[in-house]
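Let's take a walk through this protein together, from its overall fold to its core, its charged pair and its surface. Please have the model open as you read.

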Amino acid sequence: MDAGVANDDVSYSPEAAISRWKFAVSRQYQHLLDKSTPHVLHRWIGCFVVACIYVLRVYTVQGFYIISYGLGIYILNLLIGFLSPQVDPEIHDGPGLPTRGSDEFRPFVRRLPEFKFWYSITKAFCIAFVMTFFSAFDVPVFWPVLLFYWVVLFTLTMRRQISHMIKYKYVPFSFGKQRYNGKRASAESTSLPSD
């Protein structure tokens, strides 16, 4: 009998209540993320709004440039993952991306899917925004040097990525549904017997 009472006391402890609350909040948060998955345009508009709020905060405070630089490097890293194939053709010996028109069609699979790309960028802007409220992160730097270094880094990285795309003949974007026309109509007209 005492063991049953002890188990009831444990289930109503503050730690258990906090654990249940955290589980409920994380479940609700995951539900909202799952509902937002098909709404690509709305998600990116929300990300743009969050980015604008961050830029406005940094502009009004006139500081936190080192956080902005770190955020830019992180976004560049995410962009490289978004533009790269899941299996790098340089190091993979097996079947890869088709390089000729006669090769078997293999769809482009990203190393970093679009949803994770969006989620990581939005989360990074939110974390950077919160960091702007702590003066410990406001390291005095000469921001034009950071901006120049980031632009050089972005240019060199994108040049390398674009040359990789050209070398292995892949395009990380697909615009709309692919349509086939001409062959089906001519095949149907020739297959009908004439009396």
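This is a predicted model: local features need pLDDT of at least 70, side-chain atom pairs count only at pLDDT 80 or more; totals for chains, interfaces and linings use all residues.

Residues are numbered from 1 along each chain as its sequence is written, and side-chain values use heavy atoms, with hydrogens and water left out.

Let's begin with the fold. The protein chain has seven helices and zero strands; here helices (H or I, at least four residues) and strands (E, at least two) are DSSP runs, numbered from the N terminus. Of the chain's 195 residues, 23% count as buried, where buried means under 20% relative accessible area, exposed means over 50%, and partly exposed lies in between (1.4 Å probe, protein chains only). Taking the contacts (heavy atoms within 4.5 Å) with a separation of 6 or more, 84% join residues 24 or more positions apart.

Now look inside. In soluble globular proteins, nonpolar side chains tend to be buried together. The largest nonpolar core here has 24 residues, and Y54, L71, F117, I121 and F125 touch the most other members. Such a core is a set of buried Ala, Val, Leu, Ile, Met, Phe, Trp, Tyr and Cys residues joined through side-chain atoms within 4.5 Å. Helices α3 (40-61), α4 (65-83), α5 (114-131) and α6 (143-168) each supply at least two residues of this core, and the largest share, seven residues, comes from α4. To see the packing around L71, set aside its neighbours within four places in sequence: L71 is then in contact with Y54, A124, F125 and A128.

Next comes charge. A search of the whole structure finds one salt bridge, a term for a side-chain nitrogen of Lys or Arg within 4 Å of a carboxyl oxygen of Asp or Glu. The partners are E114 and R43, with their closest N and O atoms 2.9 Å apart. Because E114 lies in helix α5 and R43 in helix α3, the pair ties together parts that are 71 residues apart in sequence. R43 counts as buried, at 4% relative accessibility, whereas E114, at 21%, counts as partly exposed.

Which residues make a nonpolar surface patch of about 370 Å²? They are L41, I45, V49 and I53. Of these, I45 is found in helix α3 and counts as partly exposed, at 45% relative accessibility. Patch residues have over 30% relative accessible area and no salt bridge, with like charges joined within 9 Å and nonpolar side chains (Val, Leu, Ile, Met, Phe, Trp, Tyr) within 5 Å; accessible areas come from the Shrake-Rupley method with a 1.4 Å probe, and for residues only the protein chains shown count as cover.
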